[in-house]
Protein chains: 2
Amino acid sequence: MKISEAAAASGCHLETIRYYERVGLMPRPTRTGSGYRAYAPADVERLRFISRGRELGFSLEEIRSLLRLNDDPKLSCGDVDALARAHLADIHQRIEALTRMAGELERVIAQCAGGERGTCTILGALRRTDNNPTPCADPECRP
Amino acid sequence: MKISEAAAASGCHLETIRYYERVGLMPRPTRTGSGYRAYAPADVERLRFISRGRELGFSLEEIRSLLRLNDDPKLSCGDVDALARAHLADIHQRIEALTRMAGELERVIAQCAGGERGTCTILGALRRTDNNPTPCADPECRP
DNA sequence: CTTGACTCCGTAGCTGCTACAGACTTTATC
DNA sequence: GATAAAGTCTGTAGCAGCTACGGAGTCAAG
């Protein structure tokens, strides 16, 4: 199986496969006489493992650990569980941060919708310094 | 005001300030006789503008646009509004993607909590192929 | 006068790819 | 069998958004 076929079968981009090999996530495949990479079904499975890990937001380093744990027959499920839980906590933090951003943005956008002259509340929110408070006179401005 | 003071006053890392200058977000500041950068209060305000933009998740290119709109006296509030709304939509998409990830992760973690032997459901979820349930029975699989 | 803190510039590193260029090999068509 | 098209090879550079050096020059305190 050539690299483009492995790419199609795994869903990974062709150049990404070579990249995974370079960084040691994928083993160096056997080669044909002319030097082309030859992949076995097991390689495609490994690529899909990586790809699904990425879909779940794991970093390549985390996936490297997961692959090691997966390859090791004397399974340490606790480590996998800990890694996954830590990752989940991280995702929750990112969601929280983005939700805060979205909330704040919605607030300043909503204020802007009304007035179009001179005082753009969006730019105002970016300019605003703590000792130089809101340019908006409306008490609704700062909840 | 020297660069470290501007850093302290703006909340930007010192090297980040130089970076912003290099990419053209910050103007080249005046220099002291010996070549040290000298910042005015307006520069610090601009840094804080950038910093708040980053806190709201805007990219540096978006912030570049916002700065241009902010600097331009004949204000085009509509452009600002459009930019902010597009950014907000993007944030919502990212939240959605992360929420999906979190949901799926929670699912496989919850399943794992029970059993600790042989079958780790987290690794199982990563290994799983929809059309090829068994790993590989064929001895040709591993070259 | 020396020590230490600061600043300068340029460059390289980080993550996770993606996209070349230029050389080669394989496959398809005539 | 010749030739064109498509695939593959390697190595390197680019993206965002910083951060962290190294080696040199500058400034203030003791």
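Figure 1. A:Leu66 belongs to helix 4 of chain A, which covers residues 60-71; helices are DSSP runs of H or I with at least four residues, strands are runs of E with at least two, and both are numbered from the N terminus. The model is predicted, so local features are given only at pLDDT of at least 70 and side-chain atom pairs only at pLDDT 80 or more, while totals for chains, interfaces and linings use all residues. Residues are numbered from 1 along each chain as its sequence is written, chains are lettered from A and ligands numbered from 1 in the order in which they are written, and side-chain values use heavy atoms, with hydrogens and water left out. With a relative accessibility of 1%, A:Leu66 counts as buried; this term means under 20% relative accessible area, whereas exposed means over 50% and partly exposed lies in between, with a 1.4 Å probe and protein chains only. Leaving aside residues up to four places away in sequence, A:Leu66 touches A:Phe49, A:Phe58, A:Val80 and A:Leu83, as well as B:Leu123 and B:Leu126 of chain B. A contact of this kind requires heavy atoms within 4.5 Å. The C-alpha atoms of A:Leu66 and A:Gly53 lie 8.8 Å apart, and the two residues are 13 apart in sequence.

**Figure 2. Elements and surface of chain A.** Chain A contains six helices and two strands. Read from the N terminus, the order of these elements is α-α-β-β-α-α-α-α. Of the 143 residues in chain A, 39% are buried. Where contacting residues of chain A are at least 6 apart in sequence, 41% of the contacts join residues at least 24 apart. Chain A has an accessible surface of about 8100 Å², and carbon and sulfur atoms hold 51% of this area.

Figure 3. Over all chains, the structure has two aromatic pairs. Rings of Phe, Tyr and Trp (its six-membered ring) pair if their centres lie within 6.5 Å; planes under 30 degrees apart are called stacked, those over 60 edge-to-face, and the rest tilted. A:Tyr19 and A:Tyr20 form a tilted pair, with 6.0 Å from centre to centre and 50° between the planes. A:Tyr19 is partly exposed at 35% relative accessibility, whereas A:Tyr20 is buried at 7%. In chain B, the ring centres of B:Tyr19 and B:Tyr20 are 6.0 Å apart and the planes meet at 50°, so this pair is tilted. B:Tyr19 is partly exposed, its relative accessible area being 35%, and B:Tyr20 is buried at 7% relative accessibility.

Figure 4. Among the atoms of DNA strand C within 4 Å of the protein, 77% are sugar and phosphate atoms. The side chain of A:Thr16 has an N or O atom 2.8 Å from a phosphate oxygen of DNA strand C. An N or O atom in the side chain of A:Tyr19 is 3.5 Å from a base nitrogen of DNA strand C. Two or more residues of the surface come from each of helix 2 (14-22) of chain A and helix 1 (3-10) and helix 2 (14-22) of chain B. Helix 2 of chain A gives the most, with five residues. By class, the surface near DNA strand C has seven nonpolar, six polar and seven charged residues. Here Ala, Val, Leu, Ile, Met, Phe, Trp, Tyr, Cys and Pro count as nonpolar, Asp, Glu, Lys and Arg as charged, and the others, Gly among them, as polar.

**Figure 5. Protein surface near DNA strand D.** Of the 20 residues around DNA strand D, those that come nearest are A:Arg18, A:Tyr36, A:Arg37, B:Thr16 and B:Ser34. Sugar or phosphate accounts for 72% of the atoms of DNA strand D within 4 Å of the protein, and bases for the rest. B:Thr16 places a polar side-chain atom 2.8 Å from a phosphate oxygen of DNA strand D. Helix 2 of chain B gives the most to the surface near DNA strand D, with five residues.

Notes. Accessible areas come from the Shrake-Rupley method with a 1.4 Å probe; for residues, only the protein chains shown count as cover. A residue is near a molecule or strand if one of its heavy atoms lies within 4 Å of it. A polar contact is a pair of N or O atoms within 3.5 Å; within protein, one must be able to donate a hydrogen and the other to accept it, and residues adjacent in sequence count only if both atoms are side-chain atoms.
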